[in-house]
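Subject: Structure handover, salt bridges

Hi,

Here is the structure for your files. My notes on its charged pairs follow below.

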Amino acid sequence: MRAKLIVGNWKMNGSRAANEALLKGIVAGLDNARAVCAVCVPTPFLQQCEDVLTGTPVAWGAQDVSMHAFGAYTGEVCAKMLTEFGCRYVIVGHSERRAYHREDSALVAKKAQAVLAEGMIPIVCVGETLEQREAGETAQVVGAQLDAVLEALDAASVGRIVVAYEPVWAIGSGRNATPAMAQEVHAQLRAQLKARNAEAAEVVPILYGGSMKPENAKELLSQPDIDGGLIGGAALKAEDFLAIIHAA
Ligand code: 3PY
C-alpha cells in the first residue's frame, strides 16, 4: 500500500512574512494526518523552510534545477546547492517550464538525473494540452514525456522518482480532470513504469495535479492509481492545503 503524498507547488508566490504564517499553520494543523506532505517553494525561501520545518513532518523542496553540476550558468541553481538547504524533492518538467522556458523532455530527463545524483527525489511532471486531448493524443503525449525520463534512468532509479500527471488544460484554470479521466492516465503511467521495473512501479507515487482543491480531493484521491496531489493555488492557504492532506 503506497502512502499518499501531498505536495504544495507554491509557484512564484510568497513573502517571508506570509510564508511564516503558512508554514506554521500547516504544521499546527497536521494532527495525525496519514499523508506524507511537502512544499516546493521559490528558491529564496528554502532557508526559511529549513528553519521552520526541520524537525516537523513537513518536507520541502525546489521547483526546478539546472541540468549542470556547476559552472558558468548565470541564474541557474544546481542540485548540489539544493541539498545544502535540506531539500527532499525537486519538481522537474512542470508544464509552465515546458511552455514558458521551452524545456523539452530530453532536458527534463537530464534534470531528473541531476536530482537523483544528489540523493533527492525528482517529481517528474507530464501532461497534455487541451488541443492534444481533443485530438486523442493524451496517451501518446504523456507516454513519450515519461519514457524520455525512464530511458535516461537505470532500472533501480525508477523506484526513486515521483510522477505527477498534470493535464495542462486543468492548471490554474479551475477545471480539473474527472476522477475517471485522471485514473485512466494514471493507470497507463503505472503500466509504463511496470514495463521498466515491476517492483518499482508498485512504490512510485503518481500524483494528480491541476486544480486539485478541498472540494474534489477526496474523490480524486480514492482512485486506485492516484497516490496524492501536486497542489497549486490551494497550497497557498493553510486551511485548504490541510483539507486536502486530511482528505488523503
Ligand atoms: C496547479 O494545480 O495549478 C499546478 O500546476 C500544480 O503544480
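A salt bridge here means a side-chain nitrogen of Lys or Arg within 4 Å of a carboxyl oxygen of Asp or Glu. This is a predicted model, so local features need pLDDT of at least 70, side-chain atom pairs count only at pLDDT 80 or more, and totals for chains, interfaces and linings use all residues. Residues are numbered from 1 along each chain as its sequence is written, and side-chain values use heavy atoms, with hydrogens and water left out.

The structure holds 13 salt bridges. Three of them are described here.

Lys194 pairs with Glu202; their closest N and O atoms are 3.6 Å apart. Lys194 is partly exposed at 42% relative accessible area (buried is under 20%, exposed over 50%, partly exposed in between; 1.4 Å probe, protein chains only). Glu202 is also partly exposed, at 41%. Shared partners join Arg2, Arg190, Lys194, Glu202, Asp225 and Asp227 into one network of salt bridges.

Within that network, Arg2 bridges to Asp227, with the closest N and O atoms 2.9 Å apart. Arg2 sits in the segment before strand S1 (5–9) and Asp227 in the loop between helix H11 (214–221) and strand S8 (228–231), so the pair ties together parts 225 residues apart in sequence. Helices (H or I, at least four residues) and strands (E, at least two) are DSSP runs, numbered from the N terminus. Both Arg2 and Asp227 are buried.

Glu20 bridges to Lys24 at 2.6 Å between the closest N and O atoms. Both lie in helix H1 (residues 16–29), four residues apart, about one turn of the helix. Glu20 is partly exposed at 31% relative accessibility, and Lys24 is partly exposed at 46%.

Best regards
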